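Biologist: Hi! Could you walk me through this one?
Modeller: Happy to, here it comes.

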Amino acid sequence: MGEVDQAFIQSIEHRANLDTIEIEGIPLIDLSLSHTTDINLLVSEIGNACKNWGFFQVINHGVPLELLEKIKVAAKAFFDQPMEEKRKVKRDEVNPMGYYESEHTKNVRDWKEVFDFLIKDPTFLPASPELEDDEMRTLSNQWPENPPQFREVCQEYAREVEKLGYKLLELIALSLGLPSNRFNGYFEDQLSRMRLNLYPPCPCPELALGVGRHKDAGALTIVAQDDVGGLQVKRKSDGVWVPVKPTPNALVINVGDIIQVWSNEAYESVEHRVVVNSERERFSIPIFFFPSHYVMVKPLEELVNEGNPPKYKPYNFGKFNVARNRSNYKKLEVQNIQISDFKII
């Protein structure tokens, strides 16, 4: 990635303004409040953050801080290896788990390298996005031989963050006036996955993006990031791109499209992107919480009524996920599938 190939260049209206400005950031929430008697205060903070921003940071989240450090070290050790070593676990359309360096977002190539693995291994997924096709296929992780302990650290970190994910889903359910365990059943055979991202220094950061503007298709995303910064969130109130300032030991949380549908738009999945810089590499480690392949995603019956009718038709998450992933590999001539395709006008 020595120079900026045409494939990386964003159209003018989507390029980042790299002038740094001080803007009030996304909410920072202390999860240690969940151990106090006043859990209602925490639930209210979570609800407000989901409603007003779709994004927030959490501290005292229960993921051991030494593990947070270990996963960042493991990510760097993996990406620092020679390209031929990383390509031994290269992913493709048959096995979308492993290493990849030419992902596209909205048909423009991202300035990044990634390594993906499943939380539940193996995982079962529809073979095609066609609704009448009942065939299933099995996805399995592929792990590199090096660096040593890489697999163990990744899996240990994923287990801890999965616990946090369920805790956050319970708090979000309570904030919507639902029982705390309302979402849990949707994740029994979850398609959740974890990703390690490397954003190398870019010679022309004003032309390219680490990840182009997008919304997350899952229920919830939990991100660990280093101190470099680059994540930006599109503020709901005015469309301004707000930087998510790295906070020591914090994790970044955002609600995805599925919570937007489940909540019938009480909460909204918000556009975000990653800007790059010319000097420092950046690492981030997201976990995407995806439900089981057979889940039909639709507004929850408890949250709809005559005055607030369903805003979406039901869709099968497995089929949606397969259709969505196709555009990661190549430039398509059409816009990728979105939840707006299921919107009831």
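**Cores, helices and cysteines**

Modeller: Leaving aside neighbours within four places in sequence, Phe-183 is in contact (heavy atoms within 4.5 Å) with Leu-169, Ile-172, Ala-173, Leu-176, Leu-178, Trp-262 and Leu-300. This is a predicted model, where local features need pLDDT of at least 70, side-chain atom pairs count only at pLDDT 80 or more, and totals for chains, interfaces and linings use all residues. Residues are numbered from 1 along each chain as its sequence is written, and side-chain values use heavy atoms, leaving out hydrogens and water.

Biologist: Which residues touch the most other members of the largest nonpolar core?

Modeller: Tyr-157 and Phe-183, out of 77 residues in that core. A nonpolar core is a set of buried Ala, Val, Leu, Ile, Met, Phe, Trp, Tyr and Cys residues joined through side-chain atoms within 4.5 Å; buried means under 20% relative accessible area, exposed over 50%, partly exposed in between (1.4 Å probe, protein chains only). Helix α4 gives this core its largest share, 12 residues; helices are DSSP runs (H or I, at least four residues), numbered from the N terminus.

Biologist: And what about a second core?

Modeller: A separate one has 19 residues, including Tyr-199, Cys-202, Val-270 and Val-274.

Terms used
Helix = DSSP H or I, 4+ residues; strand = E, 2+ residues; numbered from the N terminus.
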